[in-house]
Amino acid sequence: MRILVLGHGKTGKLVAEVAAQRGHGVHVLDARENKDAAALTPPFVAGFDVVIDFTAPEAVVQNMRACLATGARMVIGTTGWYDKLPDMRGLAERKQAGLLYGTNFSIAMQLMMKLAQQMGAALASAGYDFSVVETHHTTKLDKPSGTAISIAEMVKRGAGSEIEVPIEAIREGDAMGTHVLEAATDSERLVLTHEARSRRGFAEGAVRAAEWLSTRTGCFDFRDVYTEL
């Protein structure tokens with residue numbers, strides 16, 4: 001399989017490495033080579049089976065418009081663009097393209113989100129207050145993280161009602177990413193924590209997602225399909 005990786009940051013580099021280790025042909029475009037998605041011409045994109053994007057919020061929508069318009073299959077690991085999701089879903093459907101997006105491609109994080117939903121279902125009606133704290137490196141652009149927003153959404157989904165789940169975002173050093181969900185009353189607290197020790201889990205999940213998407217069209221959320229990978 002031929003994979004095009006957009007973004008040559010820390011995670012993008014690792015995605016390319018993992019893809020090559022899994023036997024795929026890999027080509028990487030960094031931001032300088034693809035300003036305003038100019039490199040993503042239809043003939044160029046047609047040379048790849050799947051495109052994986054780990055760029056930045058200001059670049060990813062242009063990349064999606066260019067690639068999906070050709071009917072390409074894309075895995076989007078970039079966050080901070082979800083206000084455009086209805087437009088991108090519609091484009092993918094019109095062009096019979098494939099779009100798989102996720103706020104986090106870690107399998108363990110997907111389990112944490114399911115547990116967050118269960119905590120909301122079990123504890124919200126019992127008077128527990130929920131909060132999320134996320135910590136990432138200082139160069140992460142979106143704040144709070146897409147993953148933190150997803151965790152809060154899963155708690156609310158479990159609660160089945162409108163509850164407040166405040167999110168605190170911390171940016172320090174080269175932190176890989178830590179997410180802490182707390183449910184508390186005056187008498188006790190329950191804490192659920194996911195700590196990324198490296199970016200490799202994200203990269204492996206993204207490449208496996210690309211392998212899964214390579215034979216499909218439509219729009220998919222990683223948290224809904226990760227068990228099929």
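Buried residues are those under 20% relative accessible area, exposed ones are over 50%, and partly exposed ones lie in between (1.4 Å probe, protein chains only). The model is predicted: local features need pLDDT of at least 70, side-chain atom pairs count only at pLDDT 80 or more, and totals for chains, interfaces and linings use all residues. Residues are numbered from 1 along each chain as its sequence is written, and side-chain values use heavy atoms, with hydrogens and water left out.

**Exercise 1. Identify the buried residues of H4 and the elements that they pack against.**

Step 1. Helices (H or I, at least four residues) and strands (E, at least two) are DSSP runs, numbered from the N terminus.
Step 2. Leu85, Met88, Gly90, Leu91 and Ala92 are the buried residues in H4.
Step 3. These buried residues pack against H3 and S5, where contact means heavy atoms within 4.5 Å.
Step 4. Just after H4, Gln96 has a positive phi of about 50°.

**Exercise 2. Describe how H3 and H4 pack.**

Step 1. Axes are lines fitted to C-alpha atoms, for helices over the stretch in contact, and angles run from 0 to 180 degrees between N-to-C directions.
Step 2. The axes of H3 and helix H4 (residues 85-94) are 10 Å apart, at an angle of about 15°.
Step 3. Angles under 35 degrees count as roughly parallel, over 145 as roughly antiparallel, 65 to 115 as roughly perpendicular and the rest as oblique. H3 and H4 are therefore roughly parallel to each other.
Step 4. H3 passes H4 in a left-handed crossing; a crossing is left-handed if the near helix is turned anticlockwise from the far one by less than a right angle, and right-handed if clockwise.
Step 5. Val61, Met64, Arg65 and Leu68 of H3 meet Asp87, Met88, Leu91 and Ala92 of H4 in this contact.

**Exercise 3. Locate Ala66 and characterise its helix.**

Step 1. Ala66 is found in helix H3 (residues 57-68).
Step 2. The buried residues of H3 are Val60, Val61, Asn63, Met64, Ala66, Cys67 and Leu68. Among the elements covering them are strand S1 (2-6) and helix H2 (42-45).
Step 3. Leaving aside neighbours within four places in sequence, Ala66 is in contact with Ala37 and Leu40.
Step 4. Between Ala66 and Val45 the C-alpha to C-alpha distance is 8.8 Å, with 21 residues of separation in sequence.

**Exercise 4. Determine the handedness of the H5 and H6 crossing and the residues in contact.**

Step 1. Helix H5 (residues 107-123) and helix H6 (residues 146-159) pack at an angle of about 35°, with axes 6 Å apart.
Step 2. Their crossing is right-handed.
Step 3. The contact includes Met109, Met112 and Met113 of H5, and Ser150, Ile151 and Met154 of H6.

**Exercise 5. Classify the aromatic pairs of Trp81 with Tyr82 and of Trp212 with Phe220.**

Step 1. Rings of Phe, Tyr and Trp (its six-membered ring) pair if their centres lie within 6.5 Å; planes under 30 degrees apart count as stacked, over 60 as edge-to-face and the rest as tilted.
Step 2. The structure holds 8 aromatic pairs. Trp81 and Tyr82 form a tilted one, 4.8 Å centre to centre with 40° between the planes.
Step 3. Trp81 is buried, with a relative accessible area of 1%, whereas Tyr82 is partly exposed at 25%.
Step 4. The pair of Trp212 and Phe220 is edge-to-face, 5.0 Å centre to centre with 85° between the planes. Trp212 is buried, with a relative accessible area of 8%.
Step 5. Ring pairs also link Phe54, Phe105, Phe222 and Tyr226 into a cluster.
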